[in-house]
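Here's a quick tour for anyone meeting this structure for the first time. Have a look at the picture, then work through the topics below.

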Amino acid sequence: MSESKQEKTARVSHLPEHGPIDENGKEILLSIKNVDITFGKGDKAVKAVKNASFDIYKGETFSLVGESGSGKTTIGRAVIRVNPCAAGEILYKGVRISGKIPHTLDREVIRNIQMVFQDPAASLNERATVDYIISEGLYNFHLYENEADRVQKVEKIVQEVGLLPEHLTRYPHEFSGGQRQRIGLARAMVMEPELVVADEPISALDVSIRAQVLNLLKKFQKDKGVTYLFIAHDLSIVRFISDRIGVIYKGDIVEVADAEELFDYPLHPYTRSLISAIPIPDPLLEKNKVLFTYDPSVHDYSEDKPEFVCIGNDHWVYGNKKEIEEYKAIREKGEPLKSITILEPGAARDESVQEVHHTAEEEAFLNSPVHDTGNFFYAFFSFLLPVIGIIAAQVFKKKKYYRNYKACRKGAIIGFVLLGIVIVLFLLLLLLAVI
């Protein structure tokens, strides 16, 4: 039965108007089911994503958060069919879009799912004008009636993202980072997509520009009903924009819940560590904050294997049976968990929080200038010209360029030793010649 259903899904060449409805009456736009993504082959194979599963509902913002290298972008690129799935499947409106699909379905997926990339400079063609960059999708799918209609659509979307029509004749290098990200956003939105994969769209921008781009995203969602898969590592931003949040750690989805539910009840210890790392804008409070550090060794999965389980309140957590029971007990109490601890000024810290103390020499190295690199060439030239090397070493030491000082001193000492050996050998040869 399941095989025939899969074969039927594989034969679908067009997307339906609506996706399937879940038991809560919500339309499921995108469904990730038991997805594995692997890079490399044989012994060198690396499993970047392991058994990932979650749904994204139409009209919501689903955020995927985690550290660098955790697999967030890998999943995002799999959704737009760049990264192939080693196992599992990705469904869009109930239709499988991972793996080999018909050409007509592939074009519909490209048309309906767009991506906003992390680096606005690298994702734009420097040789193309802004007009062509935004119009490229319209050209490829012929989403305009005539040239006047195309120009009107491009000028409208440019104004919606906060740029001017006269910017259309310029090239990407003539814009700031925030403006380039607006161009990337306009390129995606002009296609009128249903789903946008936003891969850390604000991480490369100044803090003052981030709020503007986030407000633009929310505006498009309100006006056009766009659904977002928002990829980020900053939980403070994620809380502002998200309806639901998924937390990923080294390829495993460890927790999924509504935004406020996740912040009130961060059950998985990795989620708690991410929340505790959110910077506090008050310097005094930030100084006295105690970080919650995640230690993967607290989990014993040798016999009792972990599963991704719903513990109620649409809250999913990754853990073995013992951990799941503990998570359920915590959630049933209904008392929000405290992830951030602020110590009183002068209070003793926990023994587990280790402070690092440096010697005077280490402090000098830590406070040394930016160009104090201790480059190999300083040692090499000091070796060739040891007298000049010693003088340079003293100058560097006086200016507190300690790495350069050590490199010059080392090269000069080796140079003097070698010069001394040469002189001794020369004198011995001279003495033998006289005798």
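Let's start with the cysteines: Cys85 is partly exposed, with a relative accessible area of 23%, and Cys310 is partly exposed too, at 32%. Keep in mind that this is a predicted model. The disulfide count comes to zero, since a pair of cysteine sulfur atoms has to lie within 2.5 Å to be counted.

**The largest pocket**

- How much space lies in the largest pocket? About 420 Å³.
- Its lining is made up of 19 residues, and the ones nearest the centre are Ile110, Ile113, Gln114, Met115 and Arg187.
- Four elements each bring at least two residues to this lining: helix H3 (103-112), strand E6 (113-116), helix H4 (130-141) and helix H6 (177-189).
- The top contributor is H4, which gives six residues.

**A closer look at Ile113**

- Ile113, one of the residues nearest the centre of the largest pocket, sits in strand E6.
- Is Ile113 buried or exposed? Its relative accessibility is 5%, so it counts as buried, the cut-off being under 20%.
- Beyond residues up to four places away in sequence, Ile113 touches Val79, Ile80, Tyr92, Ile97, Leu195 and Val197.
- Thr271 is 158 residues from Ile113 along the chain, and their C-alpha atoms are separated by 29 Å.

**The second largest pocket**

- The second largest pocket holds about 340 Å³ of space.
- Here 16 residues form the lining, with Phe54, Asp55, Tyr57, Asp314 and Trp316 nearest the centre.
- Strand E1 (28-39) and strand E2 (46-57) each supply at least two of the lining residues.
- This lining splits into seven nonpolar, three polar and six charged residues.

**The four-strand sheet**

- E1 and E2 turn up again in an open sheet of four strands, which runs in the order E2-E1-E4-E5 with antiparallel pairing.
- Which strands stand at the edges? They are E2 and strand E5 (95-96); each has a single partner strand, so one side of each is left without a neighbour in the sheet.
- E5 pairs with strand E4 (residues 87-92) in the antiparallel sense, over two bridges.
- In that part of the sheet, Leu91 has Arg96 in E5 as its bridge partner.
- As a bit of background, side chains in a regular strand alternate between the two faces of the sheet.

**Strand E13 and its partners**

- Strand E13 (residues 316-319) runs antiparallel to strand E10 (residues 252-258), and two bridges join them.
- Glu255 has Val317 in E13 as its bridge partner.
- Strand E12 (residues 307-310) also pairs with E13, again in the antiparallel sense, over four bridges.
- E12 and E13 make a hairpin with five residues between the strands, where Gly312 takes a positive phi near 105°.

- Leu262 belongs to helix H9 (residues 259-264).
- With a relative accessible area of 0%, Leu262 is buried.
- Setting aside neighbours within four places in sequence, Leu262 is in contact with Ile245, Val247, Glu255, Ala257, Thr271 and Ile275.
- Two of those contacts, Thr271 and Ile275, are among the buried residues of helix H10.
- Why is H10 (residues 269-276) largely enclosed by the rest of the structure? Because seven of its eight residues are buried.
- The buried residues in H10 are Pro269, Tyr270, Thr271, Ser273, Leu274, Ile275 and Ser276.
- Lys399 is 137 residues from Leu262 along the chain, with 52 Å separating their C-alpha atoms.

**Arg331**

- Arg331 is found in helix H12 (residues 321-333).
- This arginine is buried, with a relative accessible area of 13%.
- Not counting residues up to four places away in sequence, Arg331 touches Glu261, Tyr265, Ile311 and Asn313.

Methods:
Residues are numbered from 1 along each chain as its sequence is written. This is a predicted model: local features need pLDDT of at least 70, side-chain atom pairs count only at pLDDT 80 or more; totals for chains, interfaces and linings use all residues. Side-chain values use heavy atoms; hydrogens and water are left out. Buried means under 20% relative accessible area, exposed over 50%, partly exposed in between (1.4 Å probe, protein chains only). On a 1 Å grid over the protein atoms alone, a cavity is a set of points where a 1.4 Å probe fits but cannot get out, and a pocket is an open set with protein on both sides within 12 Å along at least five of seven lines; lining residues have an atom within 4 Å of a point. Grid points are joined across faces, edges and corners, and a volume is the space filled by probe spheres set on the points. Ala, Val, Leu, Ile, Met, Phe, Trp, Tyr, Cys and Pro count as nonpolar, Asp, Glu, Lys and Arg as charged, and the others, Gly among them, as polar. Contact means heavy atoms within 4.5 Å. Two strands pair if DSSP finds at least two bridges between them.
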